[in-house]
Amino acid sequence: SESDHPLIYPSLIVMAEQNPQLFELNNGTMKVIVSNYGCTITSLFVPDKHGNLGDVVLGFDTLEPYLNRVAPYFGCIVGRVANRTKEGKFTLNGTEYSLPINNGPNSLHGGLKGFDKVVWEVTEHKQGDFPSITFKYHACDGEEGYPGDLSVTATYTLTSKTTLRLDMEAVPENKPTPVSLAQHTYWNLAGHNSGTILDHSAQIYAKHITPVDQTQIPTGEIKPVEGTPFDFTSEKKIGTSIHEVGIGYDHNYVLDCGEEKSGLKHAVKLKDPFSSRVLDLWTNAPGLQFYTANYVNGIVGKGGAVYGKHGAVCLETQGFPNAINEPNFPSIVVQPGGKYQHSMVYEFSVE
């Protein structure tokens, strides 16, 4: 009957919009391919010293491997809470919450089906000189164990010839909730298929780290990096002291000594000696997880490239890991009526 149509038809439209797809941002100099599945950056092309475009992020040619969960968080936005929460438990306003345990004894990156494994709605996709795309996701009360409905948006914009900006916002609708999102791209400035990043140099604008126990949970201490293998206060090859930190770096740096530019702190400068590509990352987040792809092992990615251990580096600006259980860490709790805002600027150049 006639009255059935309004019910059936809109749901078909919604289904069409909810399909995982790939979108392009292109300003003629750099090109970014991003999906509404997990807000995932699948490719990012920037020029080297000769002007040759190279794809500098690990990933896959199609969406299939992402959907089949083959990717170890390649390129996605992780949440509601990035990084590890101790034993998947926290107490907020007298109520204890339990999260899925998916990383040893802990909960990692929002749980079994975090923001990286859902299809976001595309609310805007602009072309032109400053192309951008905005994604939106509504997380429900109790989703993956977290309290309260949460409305989240993420906008990727090419703000200059060789700059990508990401702005993330989250608004709790009815309950206080922890929120800490992170962008989890695996970078290799020599090209995604060029082997390890041990010859890349890094300068991290942090004089302290938050040391961790054997399950990668911060001890609560804030420890100076001076005189340790964690010291990247001046430019240093990633491979120089990596053998002194077990299987590699996977640590939260306290961003406390970078210069500021339009409200964002300089977090890290990454440089590849072969292509001369440089990435300067700016953020308003208090921490940076510096991770050297220690667990990547024989993943077949774009163009048949095989990605191995230390084949990339992640630069995840974030709230401190397990901050919800550490009163001396910057709070990640957002109140209804408040807003979580997290921005980062990826500035590419050659030198």
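Predicted model: local features only at pLDDT ≥ 70, side-chain atom pairs only at ≥ 80, totals over all residues.
Two strands pair if DSSP finds at least two bridges between them.

**Entry 1**

I then asked which residue of S2 is the bridge partner of Leu22. I read off Ser35 as that partner.

I followed the sheet onward. I noted four strands in the order S1-S2-S3-S4, forming an open sheet with antiparallel pairing. Strand S1 (22-26) and strand S4 (53-55) stand at the edges. I noted that each has a single partner strand, so one side of each has no neighbour in the sheet. From one strand to the next, I have the twist averaging 20 degrees. As background, I wrote down that strands of a sheet pair through backbone hydrogen bonds, either parallel or antiparallel.

**Entry 1: salt bridges**

I turned to charged side chains. Side chains of opposite charge can pair when their charged atoms come close. The cut-off I kept in mind is 4 Å between a side-chain nitrogen of Lys or Arg and a carboxyl oxygen of Asp or Glu. With that rule I have a count of ten salt bridges. I looked up three of them, one pair at a time.

**Entry 2: Arg165 and Asp167**

I found a salt bridge between Arg165 and Asp167, with the closest N and O atoms 2.9 Å apart.

**Entry 3: Lys261 and Glu347**

I looked next at Lys261, which forms a salt bridge with Glu347; their closest N and O atoms are 2.8 Å apart. This pair links distant parts of the chain, with Lys261 in strand S22 (residues 260-261) and Glu347 in strand S30 (residues 340-350), 86 residues apart. I noted Lys261 as partly exposed at 37% relative accessibility. Glu347 counts as partly exposed at 23%.

**Entry 4: Glu351 and Lys271**

I found Glu351 in a salt bridge with Lys271, the closest N and O atoms being 3.3 Å apart. Because Glu351 lies in the segment after S30 and Lys271 lies in strand S23 (residues 264-271), the pair ties together parts 80 residues apart in sequence. I have Glu351 as partly exposed, at a relative accessible area of 48%.

Terms used: Residues numbered from 1 in each chain as written. Heavy atoms only, no water. Helix = DSSP H or I, 4+ residues; strand = E, 2+ residues; numbered from the N terminus. Buried < 20%, exposed > 50% of the residue type's maximum accessible area, 1.4 Å probe, protein only. Axes fitted to C-alpha atoms, helices over the stretch in contact; angles between N-to-C directions.
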